[in-house]
Amino acid sequence: MDQQLEQYRAEALTAIAAAADEASLEAVRVKYLGRAGSISLLSEGMKSLPKEDKPRIGKLLNEVRTVVSSALDARKTGLETERDSKALSGLDISLPGTPAAIGSLHPITQLLDRAIQIFRQMGFVLADGPDIETEWHCFDALNTPEDHPARNEQDTFYLPDGRLLRTQTSTVQVRTMENNPPPVRIIAPGGVYRRDEVDATHLAQFNQIEGLYVDEGVSLGDLKGTIEFFFRELLGRDVQVRMRPHFFPFTEPSFEIDIKAAALGRGDKWLELAGCGMVDPAVFQEMNRKRGDNAYDPEKYTGFAFGFGLDRLAMILSGVPDVRLLVENDVRFLAQTK
Ligand code: DAH
């Protein structure tokens with residue numbers, strides 16, 4: 001029996017080495033280790049051996065079984081590796097793959113990020129308010145009378161409960177002063193809504209950034225310096241800023257701001273960009289009434305406010321000809337806005 005085992009071991013190892021594919025290797029396994037395989041049959045014969053031979057033969061049997069089965073495993077792995085490398089040999093792994101498209105920031109987001117950065121340098125902090133507002137926050141608190149055209153149903157989206165979609169981010173001035181005593185120095189970017197016919201230069205929703213600074217001794221000079229610093233940082237040293245007297249209900253005096261800069265690529269033309277002014281004492285008084293204190297004492301505090309649209313400026317800076325492209329979410333457009 002010893003001899004027989006040694007013979008099977010030698011035969012099996014030779015057959016394993018010679019097996020050219022996985023099927024013939026499997027056939028070798030069945031032939032020697034399968035249920036009716038030669039080695040398995042020999043171990044059945046163990047029963048009839050004399051007692052004194054059993055331990056020796058049993059040990060040898062185990063050894064042969066282990067050797068053969070690890071040789072089978074090793075050859076199997078070898079054959080698999082051969083097969084895989086054959087499959088890969090026709091493949092040129094130096095060919096470039098298909099790159100995944102990487103998005104880019106929306107032009108308005110890019111402009112907004114930069115604007116926030118510049119105002120932060122001057123100590124302005126971010127403030128926020130809801131898009132759905134009360135009439136009081138949007139108009140009354142901002143000294144805008146009942147018969148003002150902006151309050152017309154033709155101009156503003158009203159909800160059935162009397163609230164409305166804010167027409168200006170100036171609402172955040174009100175929300176800030178309602179809840180915080182002076183000094184305040186905030187900017188508030190966000191969406192605003194108007195009943196405009198949508199065309200290449202108008203959307204019913206657009207974006208503004210609002211600013212408010214209230215403290216003792218805030219002057220028109222501070223307003224002008226702030227605005228000039230902002231546009232110089234944003235558009236370059238050659239920027240020219242012009243303030244034209246205008247009317248807004250919540251500031252007195254009020255101005256419109258025009259800008260000229262090479263970066264705008266509009267030659268010698270002024271671009272009308274923002275509204276601003278000194279906070280009207282009537283706004284402070286309404287804040288005090290609502291707060292039930294005299295925190296915004298108009299004899300003690302002054303302030304300036306400003307607001308401008310982001311969409312038109314973003315369009316000019318990134319050469320976008322039609323405002324609708326900003327909201328259509330076309331990837332071909334967004335891929336270009338680096
Ligand atoms: N809210 C004004 C608008 O939407 C812009 C504006 C003008 C904001 C003057 C201000 C301001 O804060 O002082 O047209």
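This is a predicted model: local features need pLDDT of at least 70, side-chain atom pairs count only at pLDDT 80 or more; totals for chains, interfaces and linings use all residues.
Visitor: Let's start with the ligand. Which residues come nearest to the ligand?
Guide: Gln168, Ser170, Arg194, Gln208 and Glu210 come nearest, out of 15 residues around the ligand.

Visitor: How far is the side chain of Gln208 from an oxygen atom of the ligand?
Guide: The separation is 2.9 Å, to an N or O atom in the Gln208 side chain. Gln173 also has a side-chain N or O atom 3.1 Å from a ligand oxygen.

Visitor: How much of the ligand does the protein bury?
Guide: The protein buries 90% of the 350 Å² that the ligand exposes when taken alone.

Visitor: Which elements give two or more residues to the shell around the ligand?
Guide: Three strands do: β5 (205-215), β8 (271-279) and β9 (302-309).

Visitor: What is the shell like by class?
Guide: Eight of its residues are polar, five are nonpolar and two are charged.

Visitor: Now the pockets. Which pocket does the ligand take up?
Guide: The ligand's space is the largest pocket. That pocket has a volume of about 1,200 Å³.

Visitor: Which lining residues are closest to its centre?
Guide: Arg194, Phe206, Gln208, Glu272 and Gly309, from a lining of 45 residues. Arg194 and Gln208 are also among the residues nearest the ligand.

Visitor: Which element gives the largest share of that lining?
Guide: β8, with six residues. The elements that supply at least two residues each are β5, β6 (240-248), β7 (251-260), β8, β9 and α10 (311-318).

Visitor: How many of the lining residues are charged?
Guide: Nine are charged, beside 19 nonpolar and 17 polar residues.

Visitor: Switching to the backbone. Is the peptide bond from Pro182 to Pro183 cis or trans?
Guide: That bond is cis, with omega near 5°. Pro183 sits in the loop between α7 (171-179) and β4 (184-193).

Visitor: What about the bond that joins Glu252 and Pro253?
Guide: A cis bond as well, with omega about 0°. Pro253 belongs to strand β7, and β7 is one of the elements lining the largest pocket.

Visitor: Last one. What is the phi of Asn143?
Guide: Asn143 has a positive phi of about 60°, though it is not a glycine.

Visitor: Where does Asn143 lie?
Guide: Asn143 is in the loop between α6 (135-138) and β3 (164-165).

Definitions and conventions:
Residues are numbered from 1 along each chain as its sequence is written. Side-chain values use heavy atoms; hydrogens and water are left out. A residue is near a molecule or strand if one of its heavy atoms lies within 4 Å of it. A polar contact is a pair of N or O atoms within 3.5 Å; within protein, one must be able to donate a hydrogen and the other to accept it, and residues adjacent in sequence count only if both atoms are side-chain atoms. Accessible areas come from the Shrake-Rupley method with a 1.4 Å probe; for residues, only the protein chains shown count as cover. On a 1 Å grid over the protein atoms alone, a cavity is a set of points where a 1.4 Å probe fits but cannot get out, and a pocket is an open set with protein on both sides within 12 Å along at least five of seven lines; lining residues have an atom within 4 Å of a point. A molecule sits in a cavity or pocket if more than half of its atoms lie within 2 Å of its grid points. Helices (H or I, at least four residues) and strands (E, at least two) are DSSP runs, numbered from the N terminus. Ala, Val, Leu, Ile, Met, Phe, Trp, Tyr, Cys and Pro count as nonpolar, Asp, Glu, Lys and Arg as charged, and the others, Gly among them, as polar. Grid points are joined across faces, edges and corners, and a volume is the space filled by probe spheres set on the points.
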